[in-house]
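Take a moment to look at the model before reading on. Keep the sequence beside it as you go.

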Amino acid sequence: MDNACKRYYRHFDESLLEDRPGHRSCVMLDANNGCTGECLAGISIYHDDTFPEPQRHPFQEGFYVIEGRGEALVGEERFPLTAGTAFLVPAGMAHAIRCTADAAVKVFWFHSE
């Protein structure tokens, strides 16, 4: 791969994860990779069985469950998460994820305007 293409490329490695309340997370794609506006994408691994403080963003956020089992809280609604589940959180809506099994739940997430 030439150097120009590397700008748009990043490979996930668990050493990239940073501690957050209730989970570990890393940004995979941001302005350094060519994203514009509120575009971001990353991986988060939720290990706690209680919901962290819900987050709110001025942009929509989408999720795709890679592995594990958990539960999402979006506004006042709760629903189960298993591998293959995808869901969207509208801009400004409170949301949180928790693990419901022995193994953590790993998600791919993205922000967009």
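Predicted model: local features only at pLDDT ≥ 70, side-chain atom pairs only at ≥ 80, totals over all residues.

Residues are numbered from 1 along each chain as its sequence is written, and side-chain values use heavy atoms, with hydrogens and water left out.

Start with the sheet. Six strands form an open sheet in the order β1-β2-β3-β9-β4-β7, with antiparallel pairing. β1 (18-20) and β7 (86-89) are the edge strands, and each pairs on one side only. On average, neighbouring strands of this sheet are turned by 30° against each other, direction ignored. Strands here are DSSP runs (E, at least two residues), numbered from the N terminus. Two strands pair if DSSP finds at least two bridges between them. The angles run from 0 to 180 degrees between N-to-C directions, with axes as lines fitted to C-alpha atoms.

Now zoom in on one pairing. β2 and β3 pair in the antiparallel sense over six bridges. Val 27 stands opposite Gly 42 in β3.

Next, the rings. The structure holds two aromatic pairs. Rings of Phe, Tyr and Trp (its six-membered ring) pair if their centres lie within 6.5 Å; planes under 30 degrees apart count as stacked, over 60 as edge-to-face and the rest as tilted. Why is the pair of Phe 63 and Phe 87 stacked? The ring centres of Phe 63 and Phe 87 are 4.8 Å apart and their planes lie at 15°, so the pair is stacked. Phe 63 lies in strand β4 and Phe 87 in strand β7, so this pair ties together parts that are 24 residues apart in sequence. Phe 63 counts as buried at 5% relative accessibility, and Phe 87 counts as buried at 11%. Buried means under 20% relative accessible area, exposed over 50%, and partly exposed in between (1.4 Å probe, protein chains only).

The rings of Phe 79 and Phe 87 have their centres 5.2 Å apart and their planes at 80°, so that pair is edge-to-face.

Last, the largest pocket. Its lining has 18 residues, and His 23, Ser 25, Ser 44, Tyr 46 and Gln 55 lie nearest its centre. A pocket is an open set of points on a 1 Å grid over the protein atoms alone, where a 1.4 Å probe fits, with protein on both sides within 12 Å along at least five of seven lines; lining residues have an atom within 4 Å of a point. β2 (23-29) and β3 (40-46) are among the strands that each supply at least two residues of the lining.

How values were computed: Helix = DSSP H or I, 4+ residues; strand = E, 2+ residues; numbered from the N terminus.
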